[in-house]
Amino acid sequence: MKARIESEVKIFGINFFIVSAAFTVAMIVLSIIAGDLLDFYPVSFEVIFPFFVTIVVGEWGKTRADSNFDIIAAQSKSLFKWVLLRYIIAFAISSLFAAFSMAGASIMRYEMPIWELIVLYFPPTFFLSSLCALLGIICRQEHTATLVCGVIWLIILLTRSLLRFPGVEYVYLFIRFAGDQNNIWLWNKGIVTLAGLSLWCVIYWKCKRVD
Amino acid sequence: MRKMFSVLHYEYKMQFKRLVTWGVLLVATALSLLDNFPSAGNLARLEFLNEPAYFVYRIVSLDSLVLLFGLMFLLAGRIPIDTKTGMKSLLMSSALRKWQYVLGKLLSGFLYVFTIQCIFLLLNTTIYFIAAPFRISLIECIVPLVKAIFVSLVPTSLFVSFCSIALPGMIDIRLFYILAAILFGFNATYVGSAEAMPFYLITSGDLVRLIWVHPRWPFVDMGNVIANGFFLVGSSLVFGSLLFLKHKFWRSE
């Protein structure tokens, strides 16, 4: 297992670590210079970082768009295990950078405890990146998964006004960023996490079909 | 010049043949119609939706952002894919010169984004014109459309196309996606206000106030308008010219 993880990290390449480190530093610098007008924590860890992880999963952790996909699909015992391992490594390493960013930002401007930041960060990140992993299994063309997830991310950002409809606040991905007027954000996060898990059921089913 | 036009023609035609282009256009149009279709509900929700100028303003400042974001992704791979497939090496070994290749790519990208944006705007406005449950004269639609083409479509097309083509030619395409997502995200989170908008916004900067202004705050700060226009056009030209300045980008001539 250790060898496989090392091999996956090698495939990611040095650019991934340089970009992630630069992004993490940029977020910490932003936490210093952002001022009080910007609701920094929801913007950074509920909106921006989840999309960063999605880009990581879609671009560095690509599956069907990988040029060796056909060989891997034909030779590996379980395609799902390979997809899951690649996803977990991409998600875990980029989340580690997010954790560094959270710690750095908390030192610079303490506004909420780390556990709350993690709850704020995990569900939208898990959902968007899982969606990207699913699209990565479906689309052979490079960048398509990231493109679709990016458009969805932007549409969700643009449609905050839909929160006026009853029930939408329970499934809106960036509830704390949108204000959370009825204080239901923990319910929202639970539902979003469940939706992310259901996406993994679909990925499992897709992989079984290829197997 | 003829070779530059060959690159331009090929790139332009090829982009329109991609199914994803039409998919992005379809999604953006469906979204903008959900938001702005002159139905009873939308007319009650949006105070000024009965004004064609407001409709055009809303389309270019808000709904075109999704379209531009999608087009940005589609254009970003134009130079990296040539490098990856070996096409760039083949082109470099031919008589094609650097300026012909770069200018062909940049101009085709600009024309592609501009054409798609025009189709998007015209399609939306035509549907609005036909479906509106009140009388609108043709001139009421044409004037804001012409204004929108010059003050919004040209600078935003230039910005998105030049940045999306030039920057991934020099930096990692994934870093470009992250930077672009942050800029587009900022643009998406800003809501219109009577205050001056930040100059670095793509579609909702002060330039679009030349199309329509809120009747309660009819003042347009020309300084902010110029700053926004200068940012869009200036940064596109700077990023575009960086490719010409990068010596390692092409064979030595």
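From the N terminus on, chain A simply reads α-α-α-α-α-α-α-α-α, which comes to nine helices and zero strands. Elements here are DSSP runs numbered from the N terminus, with helices being H or I over at least four residues and strands being E over at least two. This is a predicted model, where local features need pLDDT of at least 70 and side-chain atom pairs count only at pLDDT 80 or more, while totals for chains, interfaces and linings use all residues. Residues are numbered from 1 along each chain as its sequence is written, with chains lettered from A and ligands numbered from 1 in the order in which they are written.

As for overall dimensions, the C-alpha trace of chain A spans about 55 × 40 × 25 Å along its principal axes. Some 44% of the 211 residues of chain A count as buried, that is, with 20 or more other C-beta atoms, placed from the backbone, within 10 Å of their own. Among contacts in chain A with a separation of 6 or more, 75% join residues 24 or more positions apart, a contact being two C-beta atoms, placed from the backbone, within 7 Å.

Turning to the interface, 21 residues of chain B are in contact with 19 residues of chain A. On the chain B side, α2 (19-36), α4 (52-76) and α9 (173-189) are the elements giving two or more residues, and α9(B) has the largest share, with 10 residues.

Note on methods:
Buried ≥ 20, exposed ≤ 12 C-beta atoms within 10 Å, placed from the backbone.
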